[in-house]
Amino acid sequence: MTLFEQIKTRLHTAIKQRDVATRQTLKTLVGELETRAKRDGQDVSDAVVVKLINKFIDGNNDVLKHRDKPELVAENALLESFLPTMMSEPELRQAIDDSGANDIGGKMAYLKANYAGRFDGKLASQIARST
């Protein structure tokens, strides 16, 4: 089941349970993802979902810097529950070694193609340069 399908399933559950906060958050997210899919003419990939979730979280964090809004903290927790776990440094090193590429560009392209949204780009770049 793709990440987009998981979010839609959770949305339907929230609607049935009359969970207004969850419903609003996920409805906004699903609507944005469907709009992008129609505009681009492509299916919604997990990488696109992760990127949009991170964008939502960053926007909420910007507001939280200036105001204390518990509903945004709860929204961030909900959104973060859909994010895949980040790769640890040893896992990242192993993935870079598995790429078989000799240059940084090839290593990073391999990571983006196979592990999109699951690694820290800065750390991956440092490891790719050192190996």
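This is a predicted model: local features need pLDDT of at least 70, side-chain atom pairs count only at pLDDT 80 or more; totals for chains, interfaces and linings use all residues.

Me: What does the C-alpha trace span along its principal axes?
Reply: About 50 × 35 × 25 Å.

Me: And what share of the residues is buried?
Reply: Of the 131 residues in the protein, 31% are buried.

Me: What about contacts with a separation of 6 or more: how many come from residues 24 or more positions apart?
Reply: Those account for 52% of them.

Me: Let's switch to helix 4. Which residues are buried there?
Reply: Helix 4 covers residues 70-80, and Leu72, Asn76, Leu78 and Leu79 are buried in it. These residues span an arc of only 160° around the axis, so they sit on the same side of helix 4.

Me: What do the buried residues of helix 4 pack against?
Reply: Three partners take part: helix 1 (3-16), helix 2 (20-40) and helix 3 (46-66).

Me: Now helix 5. Which residues are buried?
Reply: Leu92, Ala95, Ile96 and Ser99. Their arc around the axis is only 100°, which puts them on the same side of helix 5.

Me: Which exposed residues are on the face turned away from that buried side?
Reply: Pro90 and Asp97.

Me: Which helices do the buried residues of helix 5 pack against?
Reply: Helix 6 (104-115) and helix 7.

Me: What follows helix 5?
Reply: Gly100 does, with a positive phi near 75°.

Me: Back to packing. What are the angle and axis distance for helix 5 and helix 7?
Reply: Helix 5 (residues 89-99) packs on helix 7 (residues 121-130) at about 50°, and the axes are 10 Å apart. The two helices are therefore oblique to each other.

Me: Right-handed or left-handed crossing?
Reply: Helix 5 passes helix 7 in a right-handed crossing.

Me: Which residues make that contact?
Reply: Helix 5 supplies Glu89, Leu92, Arg93 and Ile96. From helix 7 come Leu123, Ala124, Ile127, Ala128 and Ser130.

Methods:
Residues are numbered from 1 along each chain as its sequence is written. Side-chain values use heavy atoms; hydrogens and water are left out. Axes are lines fitted to C-alpha atoms, for helices over the stretch in contact, and angles run from 0 to 180 degrees between N-to-C directions. Helices (H or I, at least four residues) and strands (E, at least two) are DSSP runs, numbered from the N terminus. Angles under 35 degrees count as roughly parallel, over 145 as roughly antiparallel, 65 to 115 as roughly perpendicular and the rest as oblique. A crossing is left-handed if the near helix is turned anticlockwise from the far one by less than a right angle, and right-handed if clockwise. Contact means heavy atoms within 4.5 Å. Buried means under 20% relative accessible area, exposed over 50%, partly exposed in between (1.4 Å probe, protein chains only). The arc is that of the directions from the helix axis to the C-beta atoms.
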